[in-house]
Amino acid sequence: MHKIIKDFNIKLTAKDILKGQGIDPERASQRLFETAEAVINEAEALLEPVAIYTVVDVIELDHQTVRFNNGEFKGSLVQKSMAGAAQLYVVVCTIGKALEERVDQLMTEDPVRAIALDGAGITALRKVSLTVEDIISKETCELGLSLGMRAQPGQEGWPIEQQREVFKLLPGNEIGMRLTDSCLMLPRKSVSFVIPRGKDLSDAKVPCDFCSKRDRCEWRKEKQIV
Ligand code: SF4
């Protein structure tokens, strides 16, 4: 049984938008800061945030494979994230397609504004996913259980093709989403992830801790200032 969440209240600031662009707000030029401020209202109006999630019971963990009814997740990251889990939260979130369509339209006529709007979309998606994590965390706490490490198909150690398993569990079409043949999600500003639930799990580690790109990854450095 899945649940759909539509009740988000996503507010953006110029600093959020700069961070979404990968820019440290403390080092941003006045022009970039002003552009970020100028897109806040338009970005917020274009957001169509929605999430869908379900909880599946783990049947067994066999080396790098976690089995549940109707499917399995496979990969070294799967093993690191989901060992010891009794259930898995499987989640897909999106901010919808309106913002990315506007970015595509603006890219030729005003690329600076387009990039700022795109940054707003990245940071908004992050806020949507953190809101869902908060809901999951509260639910889990009320059950007296704990959460483990969040992981996403496409991160090192979990092949992107496993998005198909996620979309077998969740009817993405109910929130306007679909998977392409190459396993990319549409709308593009979307994210899927799994969070294990059980007794005595720990979320102290993150996938970056196990990733071979961690010392040179710009995205990871960027996340450290968000
Ligand atoms: S280090 Fe970079 S590539 Fe590796 S999981 Fe973290 S953000 Fe992703």
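**Exercise 1.** Determine how helix H2 and helix H5 are placed relative to each other.

*Solution.* Step 1: the axes of helix H2 (residues 30-46) and H5 come within 8 Å and cross at roughly 60°. Axes are lines fitted to C-alpha atoms, for helices over the stretch in contact, and angles run from 0 to 180 degrees between N-to-C directions. Helices (H or I, at least four residues) and strands (E, at least two) are DSSP runs, numbered from the N terminus.

Step 1: this angle makes H2 oblique to H5. Angles under 35 degrees count as roughly parallel, over 145 as roughly antiparallel, 65 to 115 as roughly perpendicular and the rest as oblique.

Step 2: H2 contributes Arg-31, Thr-35, Ala-38, Val-39, Glu-42, Ala-43 and Leu-46 to the contact (heavy atoms within 4.5 Å), and H5 contributes Val-112, Arg-113, Ala-116, Leu-117 and Ala-120.

Step 3: sorted by class, this contact of H2 with H5 holds eight nonpolar, one polar and three charged residues. Ala, Val, Leu, Ile, Met, Phe, Trp, Tyr, Cys and Pro count as nonpolar, Asp, Glu, Lys and Arg as charged, and the others, Gly among them, as polar.

The model is predicted: local features need pLDDT of at least 70, side-chain atom pairs count only at pLDDT 80 or more, and totals for chains, interfaces and linings use all residues. Residues are numbered from 1 along each chain as its sequence is written, and side-chain values use heavy atoms, with hydrogens and water left out.

**Exercise 2.** Which relative direction do H4 and H5 have?

*Solution.* Step 1: the axes of helix H4 (residues 98-109) and helix H5 (residues 111-142) cross at roughly 160° and come within 7 Å. Step 2: H4 and H5 are therefore roughly antiparallel. Step 3: the contact includes Leu-99, Arg-102 and Leu-106 of H4, and Pro-111, Ala-114 and Asp-118 of H5. Step 4: its classes are eight nonpolar, two polar and four charged residues.

**Exercise 3.** Describe the packing of H2 and H4.

*Solution.* Step 1: their axes are 8 Å apart, at an angle of about 135°. Step 2: H2 and H4 are therefore oblique to each other. Step 3: Glu-42, Ala-43 and Leu-46 of H2 meet Ala-98, Leu-99 and Arg-102 of H4. Step 4: four of these residues are nonpolar, none is polar and two are charged.

**Exercise 4.** Find the backbone features at Pro-187 and His-63.

*Solution.* Step 1: most residues other than glycine have a negative phi, and most peptide bonds are trans. Step 2: Leu-186 and Pro-187 are joined by a cis peptide bond, with omega about -5°. Pro-187 lies in the loop between strand E8 (185-186) and strand E9 (190-198). Step 3: His-63 is not a glycine, yet its phi is positive, about 55°. His-63 belongs to the loop between strand E2 (50-62) and strand E3 (65-68).

**Exercise 5.** How many residues surround the ligand, and which are the closest?

*Solution.* Step 1: a residue is near a molecule or strand if one of its heavy atoms lies within 4 Å of it. Step 2: seven residues surround the ligand, and the closest are Cys-208, Cys-211, Arg-214, Cys-217 and Trp-219. Step 3: the shell consists of four nonpolar, no polar and three charged residues.
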